[in-house]
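Dear colleague,

Please find below the structure that I am handing over to you. I would be grateful if you would read the notes that come after it with the model open beside you.

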Amino acid sequence: MFVTLKPSVFDPQGQTILDALSSLGYESVRDVRQGKFFELDVVADSAQEAMTISTEIADKLLANTVIEGYRVEVDPKRGEGD
Amino acid sequence: MSINQAVIETHGLTSAEYRRLLDILGREPTITELGIFSVMWSEHCSYKSSRLHLRRLPTEGPRVVQGPGENAGAVDIGDGLIAVFKIESHNHPSFIEPYQGAATGIGGIIRDIFTMGARPIALLNSLRFGELGDSRTGATTRRVVDGVVDGIAGYGNSIGIPTVGGEVAFESSYSGNPLVNVFCLGVAHAERLAKGLASGEGNPVYYVGAKTGRDGIHGATMASAEFDEHSGDNRPAVQVGDPFMEKLLLEACLEVMQTDALVGIQDMGAAGLTCSTCEMGARGNSGIEIDVSLVPQREAGMTPYEIMLSESQERMLLVAKKGREAEVEQIFAKWDLHAVRIGRVTGDGVLRVREGGKVMAEIPNRELADGAPLYSRPIKRPEGLDDLRRLDLAKLSPPVNLTEAWLTLLAAPVIASKRWVYRQYDHMVRTNTVIRPGCGASVVRVKGTDSALALSVDGNGRYCYLDPREGGRLAVAEAARNVACAGALPIGATNCLNFGNPERPETMWQFSEAVDGIAEACRTLEIPITGGNVSLYNETDGQSIYPTPVLGVVGLIKDATRALAGVFPEEGLEIVLLGDPSGALDGSEYLKTAHGSVQGCPAPVDLDRERALQSLLVEAASNRLLRSAHDCAEGGFAVALAECCIEGEGGGASVELPSTVGPHDGFGLVRLLFGEAPTRVLVSVPATERPRLLEMADAVSLPALVVGKTGGERIRIAVDGDVVADVRLEEAGNSWVTGFTRHFESVPWEQ
Amino acid sequence: MKFAIIEFPGSNCDHDAYHAVRHVLGQQADFIWHKDTDLRGADTVVLPGGFSYGDYLRTGAIASFSPVMDKVREFAAAGGPVIGICNGFQILLEAGLLDGALLRNRRLKFLCQDVHVRVEATDTPFTASAELGQVLKLPIAHREGNYHVVPERLADLEANRQVIFRYCDSAGLTSDSVNPNGSVGSIAGICNLRRNVVGLMPHPERACESLLGSDDGRVVFESAVAALVA
């Protein structure tokens with residue numbers, strides 16, 4: 001799960017990192033947005049169900065939807081055989 | 001686009017206000033102009049409902065260097081220095097997004113202080129939330145508390161200004177509308193006081209700081225939908241603070257002010273570029289012309305309307321002297337900031353906004369800044385107030401076990417230790433903090449001098465709800481008393497007036513009464529109000545908050561080594577209660593905690609006696625008579641005594657009180673232990689100094705009762721020889737320390 | 001005796017360190033801006049606390065790339081005494097001048113309070129005037145102060161006596177309950193192998209005057225002065 005600030009919300013961390021990169025000579029980097037990455041190990045009957053649960057979790061806790069958006073990716077194979 | 005009735009209404013202008021606008025312009029406004037007027041004439045910027053009342057506050061005094069009207073007030077503290085301070089609210093944003101709401105509140109108040117040329121040296125805050133333990137709203141409230149505290153810490157700690165104290169209170173009336181009031185103190189050289197004005201035709205106008213985004217633009221969605229394509233999602237109501245940027249701005253601006261290349265400076269707070277340009281112009285009797293296409297922008301395709309109304313944080317507007325541009329630009333460049341010239345000062349008194357060659361707005365500055373209509377809104381005493389003010393103890397039964405009632409009170413979140421809160425704040429950075437947060441006023445020394453400043457923010461919404469006039473008087477008296485307890489002479493105050501909807505006559509009655517109460521107390525105690533903030537419309541679903549004026553008082557201690565702590569420093573000291581031994585249960589924390597009742601007439605303050613008490617404290621402290629002084633506030637004598645023991649180094653205490661004459665209702669001992677009344681202070685004094693202290697009290701007819709001694713492992717209260725409450729120090733400490741913290745042990749990690 | 005106090009954008013204990021060495025100890029002190037590449041003949045380098053670059057990305061990470069850090073590396077390589085306090089410690093770790101990393105405090109919150117630390121070694125330029133086992137009352141103020149190092153490296157640090165300060169109680173006893181942030185081995189401060197570079201989380205510069213509650217921190221700076229004279 002990737003949680004990032006919504007595009008219109010100012011990201012001071014990203015801006016500061018961008019400035020640091022530019023002072024290190026990486027002039028080609030045009031923008032930096034810093035976010036968070038969560039790995040959830042979810043036991044579910046289907047990828048769809050895992051997606052539903054994760055989305056709910058993102059909405060409820062992991063993302064502050066007032067300022068943050070999120071994207072969920074489900075990898076059904078991970079955790080198989082445990 | 002055409003300006004029709006609907007567009008005008010969505011901008012919050014009444015038809016009378018719109019007619020006034022037409023008179024000023026002599027023509028129909030452009031949409032940019034309409035937006036500019038709507039924010040400048042909003043309640044927030046224009047104080048249109050409150051200003052007529054605020055005129056009754058005393059704002060002058062021999063030490064006042066700057067009264068209301070500038071970014072912050074200032075008082076003389078000797079040594080060629082001035083103390084610059086102000087309190088401000090950030091209530092609504094803190095409920096929508098607690099972390100950023102509180103953080104940007106801190107950012108805003110800090111900018112108000114350094115804009116005046118002062119180095120900010122201390123922050124305080126006054127916070128009010130719903131009940132932590134409420135089964136319905138408690139979970140949300142705890143989350144809001146956690147976020148607000150985290151936001152204050154996140155911003156204040158990062159920028160390196162210590163948060164040295166404050167207050168946190170809980171009442172259900174704040175559950176849908178918490179109060180986040182933030183106070184900042186700075187120190188400046190008297191001759192370096194900077195002002196927010198623009199003058200000198202042709203002088204360059206600079207923009208410096210963060211880029212402008214579509215943050216906090218209030219233009220209603222309908223109006224905006226008609227003139228641009230951006231959806232509501234593109235206009236976040238939440239602004240994100242960047243303390244790092246502000247730290248750079250702070251250092252760079254103070255460095256620029258060391259030169260004399262600066263004419264005026266103002267931060268872009270509420271109403272952003274609009275407010276700063278027109279207020280600076282109006283104060284300097286000048287015009288300002290800017291080109292919005294030169295304004296650094298964070299997002300593509302921003303309209304002049306959006307640029308003028310954006311409330312993006314960490315931005316400053318400066319007017320420099322012509323010919324000194326390179327000097328100014330160089331200082332900002334050192335701090336990795338880019339000062340952008342966006343316009344110039346003109347002589348025509350007009351705010352002119354261009355986009356490239358095209359004029360988008362042209363408004364006379366003075367009419368825009370000062371011409372908002374002032375309202376004398378209807379006033380009505382609320383019905384049912386008399387019932388509310390009648391306290392009938394006959395219906396209640398007194399506690400069987402006073403010790404248990406005592407422990408329950410110590411664990412009440414309003415009273416319990418706020419250690420969980422203030423340990424999250426860096427309260428020591430800048431190495432000035434002489435008295436740390438925890439008990440009463442905080443004290444910061446002023447480097448380069450012998451002196452120190454004591455600070456306290458206080459309010460009591462419950463008292464004001466029951467009696468707004470008395471509540472106003474009590475708030476001033478308490479904040480000043482706390483400062484005096486630290487051994488400081490109160491020299492100035494700032495107020496944050498948090499009220500409900502001013503369109504309700506009952507709210508305006510509360511407001512008017514509270515202002516009169518504050519004014520009266522400030523006059524008698526000779527503490528001028530040098531500025532502040534009014535926050536109206538604090539209500540949710542028609543439910544108004546308690547009327548809550550919060551007072552921030554600054555006091556001066558000439559010799560920092562004589563600052564007094566609020567707690568017993570050692571064993572074997574005598575404990576003296578200055579003031580009346582007994583208090584009232586009306587509106588008390590005991591009544592609420594034990595009986596769930598908020599009723600009665602709060603004990604009134606005798607302002608002349610209050611003044612005598614405060615003078616005595618200051619004099620006794622400066623003569624090193626006292627070892628500690630602690631105000632008896634919520635929870636009365638017994639709670640004050642416990643706090644002095646728990647937070648101190650003097651062990652427990654054993655005291656004896658005489659029973660007092662009162663109604664035979666079974667609550668006599670309760671009044672004695674937990675009753676609340678102003679003008680009561682618990683002090684500790686070496687036995688050798690006791691006679692002098694009693695003499696001083698006698699000379700001003702102030703009751704002074706030697707009640708006992710510090711030491712031992714228990715806190716014991718006897719009345720007429722019988723022990724009525726007795727607890728191990730450790731047990732009392734446990735109740736007091738965990739009373740608040742226990743609500744937060746399960747708070748999930750912050751986002 | 002001349003101290004160089006390095007200032008990064010976002011440093012905020014720079015003036016506190018300056019005040020302590022200049023006004024309390026009466027030594028010379030210079031602020032060195034992070035873009036400078038000259039330490040101006042300093043005898044001792046101080047990396048003060050604060051939030052360099054807003055603590056964005058990782059604490060101390062961006063500052064460790066500042067131009068002045070090359071000079072600090074050279075200075076340290078030549079045996080010059082360097083002390084990093086709080087954020088300065090974090091920068092020294094990011095710059096590879098000291099071993100390990102600082103994680104978020106175990107209870108996740110920023111913590112500002114007095115703690116006690118025990119002096120574990122006196123053969124560094126910043127503890128030479130202290131007694132071995134001496135307990136100092138010093139303030140902490142951080143959110144990322146939970147010292148972490150892999151077990152093998154921890155064993156090395158201990159074997160080489162590179163742990164300089166440990167959290168303890170007022171009697172000098174270490175225990176989990178007086179470890180404020182969860183640091184492995186109750187570690188509050190360490191040094192490099194050569195013992196001239198020291199980093200610690202507590203703030204000795206905030207504890208140099210009894211008016212502020214403790215002057216136990218003076219010994220850290222007095223040691224540096226004495227070390228030079230010796």
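This is a predicted model: local features need pLDDT of at least 70, side-chain atom pairs count only at pLDDT 80 or more; totals for chains, interfaces and linings use all residues.

Residues are numbered from 1 along each chain as its sequence is written, chains are lettered from A and ligands numbered from 1 in the order in which they are written, and side-chain values use heavy atoms, with hydrogens and water left out.

Chains B and C

The size of an interface is often given as the accessible area lost when the parts come together. For chain B and chain C, the buried area is about 2800 Å², with 56% of it from carbon and sulfur atoms; buried area here is the accessible area (1.4 Å probe) that two parts lose on being put together, summed over both. In terms of contact (heavy atoms within 4.5 Å), 34 residues of chain B meet 30 residues of chain C.

The rule finds 5 salt bridges across this interface of chain B and chain C, a salt bridge being a side-chain nitrogen of Lys or Arg within 4 Å of a carboxyl oxygen of Asp or Glu. Arg445(B) and Glu209(C) are joined by a salt bridge between their side chains, at 2.6 Å from N to O. There are also 13 residue pairs in polar contact between chain B and chain C, both residues being at pLDDT 80 or more. A polar contact is a pair of N or O atoms within 3.5 Å; within protein, one must be able to donate a hydrogen and the other to accept it, and residues adjacent in sequence count only if both atoms are side-chain atoms.

On the side of chain B that touches chain C, at least two residues each come from helix H8 (138-159), helix H10 (243-258), helix H13 (325-334) and strand S14 (433-435). Helices (H or I, at least four residues) and strands (E, at least two) are DSSP runs, numbered from the N terminus. That side of chain B holds 13 nonpolar, 9 polar and 12 charged residues. In this classification Ala, Val, Leu, Ile, Met, Phe, Trp, Tyr, Cys and Pro count as nonpolar, Asp, Glu, Lys and Arg as charged, and the others, Gly among them, as polar.

Chains B and A

Between chain B and chain A, about 1400 Å² is buried, 62% of it on carbon and sulfur atoms. The side of chain B that touches chain A consists of 7 nonpolar, 4 polar and 7 charged residues. Chain B brings 18 residues to this contact and chain A brings 14 residues.

Domains of chain B

The domain assignment, which is automatic or taken from a database, gives domain 1 (5-51 + 194-370) and domain 2 (564-751) in chain B. Their centres, taken over C-alpha atoms, are 51 Å apart.

Individual sites

Thr137(B) lies in the loop between strand S4 (119-129) and H8 of chain B. Thr137(B) is buried, at a relative accessible area of 15%; buried means under 20% relative accessible area, exposed over 50%, and partly exposed in between (1.4 Å probe, protein chains only). Leaving aside neighbours within four places in sequence, Thr137(B) is in contact with Glu131(B) and Ser175(B).

Asp79(B), in the loop between strand S2 (73-78) and strand S3 (81-89) of chain B, is exposed, with a relative accessible area of 56%. Asp79(B) has a positive phi of about 55° although it is not a glycine.

In chain C, helix H3 (residues 87-94) has 7 of its 8 residues buried, so it is largely enclosed by the rest of the structure. Thr127(C), in the loop between strand S6 (111-119) and strand S7 (135-142) of chain C, is buried at 1% relative accessible area. The side chains of Thr127(C) and Thr124(C) form a polar contact of 2.7 Å.

With kind regards
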